[in-house]
Amino acid sequence: MGKTVHSGPTKLPRIPDPSLWVSPLPFGVGKVKPHHALDTMKVVWENRDNLPYAYRILTQGVCDGCALGVSGLRDQTLDGPHLCSTRLNVLRLNTMPPIKPDLLHSEITELRKLSSADLRKLGRIPYPLIRRKGETRFSRLSWDAALDAVAGKIRRVSPKQLAFYMTARGITNESYYVAAKVARFLGTNHIDNASRICHSPSKTALKRSVGIAASSCSYSDWIGTDVLVFWGSVAANNQPVSTKYMYAAKRKGTKVICINPYHEPSMDSYWIPSIPESALFGTKLTDDFYQVNIGGDIAFMNGVMKRWFEMEEKQRGSAVNHAFVAEHVKGYDDLQKHVKQQDWAALEKSSGISQARMRQFAELLAKAKSAVFVWSMGLTQHRFGTDNISQVANLALLRGFLGRENCGLMPIRGHSGVQGAGEMGADPFSLPGGDCKEKDIRRLEKLWGFSLPRWQGDIVGVTLENALLPDDHERRCKVFYTSGGNFLETMPNPDHVRQCLEQIELRVHQDIILNTSTLVDAREAVIVLPAMTRFEQPGGGTSTSTERMVYFSPEIEGPRIAEARAEWQIFVDLAARVKPEQKQRIWFDDASQIREEIAKAAPAYDGIQHLKNRGDFFQWGNAYLCEDGICPTPDGKGQLLAIALPEFRKAEGQFFVTTRRGKQFNSMVYGSKDPFNEAERTHVLMHPKDASKLMIAEGDAIVVYNQHGTFYGKAKYADVLAGNIQLYWPEGNCLMPKGVFEKHAGIPSYNTSAIVEKAETFYAQKDRKYKEKRIEELELDIG
């Protein structure tokens, strides 16, 4: 915990700075860019039936989009209103009416013809539903019948055959906490949340490197830091409000660096709608791009440190902050020995970037007195994601960029609720306020008044695969209760995921809308429960932002889905039906009671019990974690780790493959064309030189394939590092391997290698086994 309190909002400069303008032509005429005014008009039109309610949500509620944490239209970083396309896009989820009965109860084959975007537009889930095995339509259920059916099934299975999952769809800390408590009350540790497939390596790596599991600094530290580095993060696209903070940083002289295989247009320049100067002429955001191979970041960072140790040999202190290292860091000698042994040629090959460029970046950081490192799924979604993040921590520790103003480590969150999920214990490795260690278990047993299971729970990916175990296996997943989530469109290898979902006996989908996963068969039944949004939750709710700000979002007056219930209320009611004799141990009468208990269960959240009114907030841990370099580790020191280069090879003729987001929020796609590069969802972004070698012209039909799947798309020339291609997510998930989870954090792997061919070449092969033979031949080429 730090002692320095957040300083509060700062003001933007009023005098324009033409040196940052993208173009002298107003409104980006002739440029490929988002059309914010047009998009806003579309949102107004979509919400025309509930405009007053939509306005109250925007001006009174806490944003349910990304985790930048805007309360109403304001935050604690900058003065003035903040509003972005992400928040506007998800607004309709809160204001739309219920699904019409004739559509809701139509044949399941007809519903399955609809995409998730089409299903979303149908409206809100109006009442509990069931579809038993062999039935072709959903039937209506009463709440009592639905919860009694679920409770009865839970009583008939072992706790190890019961699993819960919590998405990040605007879910409040109160709901996460109650779900975590209910899972343990029912005897299971199989509970997981959306961070498992986004940021679980961030938590795992930060814990082992510096003893924390959240951002060490605040957004305000971006403004005025010497260097602001975005590592595998396209914040301008995924967290658009962040561009306002980047603008403020640029006006203070901060250098913004982006490290990514693709020279992201949105990070290059952006038209920020809430800043008149930027809305007119755009803002140049990034000073330099370092394009690395997909999976090449560890090599790149080893190259940076290798250059630092070379500089140290010539002049001590020219690159390493020895005073900070001596007092606050351990593992220096081992790391130095490991890095010095690295071969520059191997580092260049693995990273995809030249020695000269690695030296340039190293020298930039060596001269900087402060820096903030921001990262996202470009670093985490690898089978070596934890090592990626520990490498970032290595850089910060060697330079002393930790625990002080304008310095820090920040895993930028993509969802408004996900930071609180693990902190509330909705995680197989965590409990509220701690880990699943004996001391934490005993502490909560005393508070909660019941025994907690002591066996290790499974991550959600393993939970799904456990549905394929033999019927008599003690961990065969038989009841899967998911609050939100669409695993067909968020997990790798959707065909495999469908098989897993179909083999679960009872699936419970607690949600506000239907999605494609909801429509998948189950061995016995699928039950659907209508949930409230955070703005409907009686007594309000709280969410935790990337920078650990805990905001109170009030209940907002407006239309209601008659039978929708608050998520925490559903969990409590279900648990009481499973174990009625212990009902009082799990019962809460209102949301304020939950916050009172959270303050006791999670000591860092002491203060949440006082959040009652619109605009209330506090920052747990205060402005800086690891303040003054003191880490919350047993000895108070950060740990440097020697990270070896990962074996992420590809055969000659293959490409490294990863995915990117377009006009979407998570798996919810809001447009068929990317507003920053005009790419369509079926486009494959590739370097023109790579395409030329394969005689592929822009727009040509191509096939991307490997042993996991096949993707049919079109070539789109882009400034992607040669040897790498990018597809849109989730469409590209068909190429990702099934059952590959990072060994430390359990994140699925979302990177692979694949072959690219012109469609006419691929289809011209007479042999039906051409694909398999081609893959086999290339795999044999790997030493």
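**Entry 1: helix α3**

I began with what covers the buried residues of α3 in this predicted model, and found that the cover includes α1, α2 (51-60), α6 (116-122), α10 (235-238), β23 (664-665) and β24 (668-669). The helix itself runs over residues 85-95 and is mostly covered, with 10 of its 11 residues buried. I listed the buried ones as T86, R87, L88, N89, V90, L91, R92, L93, N94 and T95.

I then looked up L73, which lies in the loop between α2 and α3.

**Entry 2: the nonpolar cores**

Next I turned to the largest nonpolar core, which has 142 residues, and in which W231, F300, W308, F361, F373 and L409 touch the most other members. Helix α14 (residues 297-314) gives the most to this core, contributing 8 residues. Apart from this core lies another, of 35 residues, with V256, C258, L285 and V372 among them.

I took W308 for a closer look, and asked which residues it contacts beyond its neighbours within four places in sequence. The contacts of W308 are A319, A362, L365, A366, L395, L398 and R399.

S269 has its place in strand β7 (residues 269-270). I record S269 as buried because its relative accessible area is 18%, which falls under the 20% cut-off. Beyond the neighbours within four places in sequence, S269 is in contact with V22, T283, K284 and L285, and L285 is also among the members of the 35-residue core.

M166 sits in strand β3 (residues 162-166), and I record M166 as buried, at 0% relative accessibility. Not counting residues up to four places away in sequence, M166 touches I171, S175, Y176, A179, D192, N193, A194, A426, S483 and F571. I also checked M166 against Y481, 315 residues apart from it along the chain, and found their C-alpha atoms separated by 8.8 Å.

**Entry 3: annotated spans**

From the UniProt record, an unreviewed entry, I took "domain: Molybdopterin oxidoreductase", which covers residues 124-576. Over residues 124-576 the chain is 39% helix and 16% strand, and the end C-alpha atoms are 27 Å apart. The record, again as an unreviewed entry, lists residues 656-752 for "domain: Molybdopterin dinucleotide-binding". How far apart are the end C-alpha atoms of residues 656-752? They lie 6 Å apart, and the span is 6% helix and 33% strand.

**Entry 4: backbone geometry**

I kept in mind here that most residues other than glycine have a negative phi, and most peptide bonds are trans. The peptide bond from W729 to P730 is cis, with omega near 15°, and P730 is found in the loop between β28 (724-728) and β29 (752-758).

Two residues with positive phi went into the notebook as well. For N622, which is not a glycine, phi is near 65°; N622 is found in the loop between β20 (617-619) and β21 (638-639). For C626, also not a glycine, phi is positive at about 60°, and C626 too is placed in the loop between β20 and β21. Are N622 and C626 buried, partly exposed or exposed? N622 counts as partly exposed, at 24% relative accessibility, whereas C626 is buried, with a relative accessible area of 3%.

**Entry 5: a nonpolar patch at the surface**

Last, I looked up a nonpolar surface patch of about 320 Å², which is made by L25, F27 and V29. F27 lies in the segment before α1 (36-46), and I record F27 as exposed because its relative accessible area is 55%, which is over the 50% cut-off for that class.

Key:
Residues are numbered from 1 along each chain as its sequence is written. This is a predicted model: local features need pLDDT of at least 70, side-chain atom pairs count only at pLDDT 80 or more; totals for chains, interfaces and linings use all residues. Side-chain values use heavy atoms; hydrogens and water are left out. A nonpolar core is a set of buried Ala, Val, Leu, Ile, Met, Phe, Trp, Tyr and Cys residues joined through side-chain atoms within 4.5 Å. Buried means under 20% relative accessible area, exposed over 50%, partly exposed in between (1.4 Å probe, protein chains only). Helices (H or I, at least four residues) and strands (E, at least two) are DSSP runs, numbered from the N terminus. Contact means heavy atoms within 4.5 Å. UniProt positions are given in the numbering used here, feature names are shortened, and annotations may be inferred rather than shown by experiment. Patches are made of residues with over 30% relative accessible area and no salt bridge: like charges are joined within 9 Å, nonpolar side chains (Val, Leu, Ile, Met, Phe, Trp, Tyr) within 5 Å. Accessible areas come from the Shrake-Rupley method with a 1.4 Å probe; for residues, only the protein chains shown count as cover. A salt bridge is a side-chain nitrogen of Lys or Arg within 4 Å of a carboxyl oxygen of Asp or Glu.
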